[in-house]
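Subject: Structure handover and notes

Hello,

Please find the structure below, with the sequence. My notes come after it.

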Amino acid sequence: MGQKKQRLLEAKRHQSPPGVTRTASPKEPRLGPPMTLGPQRSIYFSSLKGRPARLGSEFFDQPAVPLARAFLGQVLVRRLDDGTELRGRVVETEAYLGPEDEAAHSRGGRQTPRNRGMFMKPGTLYVYLIYGMYFCMNVSSQGDGACVLLRAVEPLGGLEAMRQLRHTLRKGAAGRALKDLELCNGPSKLCQALAIDKSFDQRDLATDEAVWLERGPLGPSEPAVVAAARVGIGHAGEWALKPLRFYVQGSPWVSVVDRAAERDAQARAKANQDEDF
């Protein structure tokens with residue numbers, strides 16, 4: 001009887017308290033799928049360790065230059081009508097500073113039906129047509145007429161759908177298979193790959209159900225960011241030379257690499273290190 005009582009006490013000690021689910025040890029097999037309370041929710045409305053996956057209005061509510069830098073490393077998500085989610089990590093952006101910026105569509109403070117998104121609350125999409133056939137996607141920031149152009153993303157998910165969309169929408173060379181590096185390495189290419197068109201103009205990136213921004217995974221260290229001149233704005237005088245394009249150094253998905261800007265950045269970094277010693 002003494003041995004039986006001892007075994008009962010031992011079993012009780014290993015039993016979970018009422019209402020508490022016992023967690024299996026790594027060596028224990030799981031006997032079924034984990035229990036869930038209520039319906040599953042999409043990750044972009046859920047949280048991870050208390051941190052929201054989807055970036056809200058407060059993220060976009062900052063001036064164009066810091067916002068352009070903050071975009072780097074974040075994940076742009078596009079949900080298609082059939083539920084397919086396309087994902088890409090932002091690796092290149094350009095800042096447009098508003099009325100003072102001779103390269104901005106809002107230069108001089110002019111407002112038109114076309115550029116109205118630039119004057120709406122931070123996080124509003126400004127999508128416009130170029131060359132009569134391609135779209136570019138911008139996101140408004142703090143300051144009337146200021147925004148950030150998304151220039152390139154690194155494809156992370158839904159690559160086959162991106163490839164099909166690019167094949168369907170691109171002009172010329174339609175028969176050539178696209179490499180992964182070619183899917184989203186330019187502002188119009190990423191719009192094609194993510195099926196972004198004029199219908200997305202003036203949508204709110206903080207609340208829209210078809211396109212949103214998620215916080216990128218935290219790496220061991222922050223990537224080196226290159227500040228270079230913007231692309232394709234030679235008409236803008238001195239503004240064409242200002243270092244308002246930002247990209248992740250070493251990323252093969254960047255649309256245009258500026259070696260001179262990279263050398264300058266490395267020289268400045270070395271000078272700063274020398275000052276510390």
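This is a predicted model: local features need pLDDT of at least 70, side-chain atom pairs count only at pLDDT 80 or more; totals for chains, interfaces and linings use all residues.

Residues are numbered from 1 along each chain as its sequence is written, and side-chain values use heavy atoms, with hydrogens and water left out.

Overall make-up

The protein has six helices and 10 strands; these are DSSP runs numbered from the N terminus, with helices being H or I of at least four residues and strands E of at least two. Of its 277 residues, 39% are buried. Here buried means under 20% relative accessible area, exposed means over 50%, and partly exposed is in between (1.4 Å probe, protein chains only). The protein exposes about 16300 Å², and carbon and sulfur atoms supply 55% of that area (Shrake-Rupley method, 1.4 Å probe; for residues, only the protein chains shown count as cover). Among contacts (heavy atoms within 4.5 Å) between residues at least 6 apart in sequence, 62% join residues at least 24 apart.

Cores

In soluble globular proteins, nonpolar side chains tend to be buried together. A nonpolar core is taken as a set of buried Ala, Val, Leu, Ile, Met, Phe, Trp, Tyr and Cys residues joined through side-chain atoms within 4.5 Å. The largest one has 45 residues, and Phe60, Phe71, Met137 and Leu213 have the most contacts inside it. Another core, of 15 residues, lies apart from it and includes Phe119, Tyr126, Cys136 and Trp239.

Phe71 and helix α3

Not counting residues up to four places away in sequence, Phe71 touches Phe59, Phe60, Val90, Thr93, Val139, Val148, Leu150, Leu205 and Leu213. Helix α3 spans residues 64-71, and its buried residues are Ala64, Leu67, Ala68 and Phe71. They cover an arc of only 100 degrees around the axis, so they are on the same side of α3; the arc is that of the directions from the helix axis to the C-beta atoms. Elements covering the buried residues of α3 include α2 (57-60), β4 (85-96), β6 (134-140), β7 (147-157), β8 (211-214) and β10 (245-248). After α3 comes Gly73, with a positive phi near 95 degrees.

Aromatic rings

A pair of aromatic rings is described by the distance of the centres and the angle of the planes. Rings of Phe, Tyr and Trp (its six-membered ring) pair if their centres lie within 6.5 Å; planes under 30 degrees apart count as stacked, over 60 as edge-to-face and the rest as tilted. The structure holds four such aromatic pairs. Phe59 and Phe60 are edge-to-face, because their ring centres are 5.2 Å apart and their planes are at 90 degrees. Phe59 is buried at 10% relative accessibility, and Phe60 is buried at 0%. Tyr126 and Tyr128 form a tilted pair, with 5.2 Å centre to centre and 40 degrees between the planes. Tyr126 has a relative accessible area of 1% and is buried; Tyr128, at 10%, also counts as buried.

Ring pairs link Phe59, Phe60 and Phe71 into a cluster. Phe59 is found in helix α2. Its contacts, leaving aside neighbours within four places in sequence, are Leu67, Ala70, Phe71, Gln74 and Leu213.

Two charges sit over rings (NZ of Lys or CZ of Arg within 6 Å of the ring centre and within 35 degrees of the ring normal). Arg203 lies over the face of Phe200, 4.0 Å from the ring centre, and Lys242 lies over the face of Trp239, 4.9 Å from the ring centre.

Single residues

Tyr131 is not a glycine, but its phi is positive, near 55 degrees. Tyr131 lies in the loop between β5 (125-130) and β6 and is exposed at 70% relative accessibility. Gln202 is not a glycine either and has a positive phi of about 70 degrees. Gln202 is in the loop between α5 (187-193) and β8, and it is partly exposed at 28%.

Leu165 belongs to helix α4 (residues 159-169). Leu165 and Gln192 are 27 residues apart in sequence, with 6.3 Å between their C-alpha atoms.

Regards
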